[in-house]
Amino acid sequence: MRKQMDSMNHNTHHEGIRTVKVNKVCDFSGNSDLCICAVTWNMNGKVVYEDLVELVGSNSKSDLLVVGLQEVPRKNIARLLETALVDTHVLLGKAIMQSLQLYVFGPQNSGLSIKELKVDKHSVGGCGGLIRRKKGAVAICMSYNGIQMVFISCHLSAHARNVEERNSQCRHISHNLFSKYMNPYSKPAQVTVWLGDLNYRIQGIETHPVRNLIQKNLHRFLTSKDQLLQEAERGQVFDGYCEGTLTFKPTYKYDVGSSNYDTSYKVRVPSWTDRILFKIQDMEEIRASLHSYESVDDIHSSDHKPVKAHLCLKVNEQP
C-alpha cells in the first residue's frame, strides 16, 4: 500500500492527474469484470431520505457502490442507505470517523467475493469534529473477485488560501493509511479510488467572471484555474491518478434549497471542491473505462452538489 501511495510525495518525474474522456456506453452483461459506482457528497449536516434514494437508487446494476460522505449529521446513515438499496445491494464494509464516512455496498449474496477487508482512518487538522466537520480520511481496503482495491473518502481543509495545507494533508493521509498493516512482501493495491470534499478551489479569477462563464455554459475554460489540477501538475499531489473531464458545473457553494450559487456577503467563488479520482497500478494488468463523471444537480439540501462516477474494470488475461 505504501509503495503505491508514496507517489503522492513530491517527485521530479511526475505525471500529474491524467484527464480521461467518458465513454458513455457500458455493457454490464459481460464485457467488464467489475463495475463500480462511486459517489461523494458533503451533506452540510443535514439528511433528507429522498435525496439518498436519488443518490444511490439508480445504481442497481453496479457490482460495487462506494459512497463517501462528509459533514454527515448525527443520524444512522448506514440504515437509511441500506433501506434505499434493500432490493439490490447489501452493506459489505464501512469506515466512520465522526462526520466523515465511507460505505461499500455489493450485490446480494456477494459476501463470498470479498477477502481481506480492512478499514482505517486518519485525522488531520484541529477540532473540526466538534461542529461535525471532521477533517481527514477514512478508507476501506478489500479484495473483490481477486482484484485488490482501496477506497478513500476524505475531507480536507477549507479556504482558497490553504493550498499547501491541503497538499500536506494528502501526503499525510497517503503515508499513514493502512501503515499498521504494512508487509514489505505484499503487492500494492491494483485499484485505488480517492473521493471526497478535497476543497481545492478555483483561483486567480474573481467570482463574477466565474459565474458569467458558468451561466454561458463555458465553465470548461475554468479548469486551468483549478488548484487541484495545478498542484498535481507541479507534482505535489495525486501523481499518476486519473480523473474524468470536468464537464459538470462547479459543485460548491450553493444556497441551500436552490441551484443558485452563494448569495451571502462572502459571495464565494464557485469551485470543483468535490472530486473522484482513480489510479490503476498496472494498466497492462487491468484496463479501466470511465462511463460517467457528473454532478447530481437535482439535490438541494446541501450547499454542495454530489458527484458520481461510474468506473468499469477489465482484467487482462495473463499469458
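Helices (H or I, at least four residues) and strands (E, at least two) are taken here as DSSP runs, numbered from the N terminus. The model is a predicted one, in which local features need pLDDT of at least 70 and side-chain atom pairs count only at pLDDT 80 or more, while totals for chains, interfaces and linings use all residues. Residues are numbered from 1 along each chain as its sequence is written, and side-chain values use heavy atoms, with hydrogens and water left out.

Strands of a sheet pair through backbone hydrogen bonds, either parallel or antiparallel. In this model six strands form an open sheet of mixed pairing, in the order β4-β5-β3-β2-β13-β12; two strands pair if DSSP finds at least two bridges between them. Because β4 (89-97) and β12 (286-295) stand at the edges with a single partner strand each, one side of each is left without a neighbour in the sheet. From one strand to the next, the twist averages 15°.

Contact here means heavy atoms within 4.5 Å, and axes are lines fitted to C-alpha atoms, for helices over the stretch in contact, with angles from 0 to 180 degrees between N-to-C directions.

On a 1 Å grid over the protein atoms alone, a cavity is a set of points where a 1.4 Å probe fits but cannot get out, and a pocket is an open set with protein on both sides within 12 Å along at least five of seven lines; lining residues have an atom within 4 Å of a point. Grid points are joined across faces, edges and corners, and a volume is the space filled by probe spheres set on the points.

The model has one cavity of 30 Å³ or more, and the largest cavity holds about 50 Å³ of space. Among the residues lining this cavity are Ile36, Ile276, Phe278 and Leu311. Strands β2, β11 (274-280) and β13 each supply at least two residues of the lining, and β11 gives the most, with three. The lining comprises nine nonpolar residues, no polar and no charged, where Ala, Val, Leu, Ile, Met, Phe, Trp, Tyr, Cys and Pro count as nonpolar, Asp, Glu, Lys and Arg as charged, and the others, Gly among them, as polar.

The largest pocket contains about 540 Å³ of space. Of its 31 lining residues, Ala158, His159, Asn199, Arg201 and Tyr252 are the closest to its centre. Its lining divides into seven nonpolar, 13 polar and 11 charged residues.

A salt bridge is a side-chain nitrogen of Lys or Arg within 4 Å of a carboxyl oxygen of Asp or Glu, and the count comes to six. The side chains of Arg275 and Glu243 meet at 2.7 Å, N to O.

Finally, the backbone: the peptide bond from Tyr252 to Lys253 is cis, with omega near 0°, and Lys253 is placed in the loop between β10 and β11.
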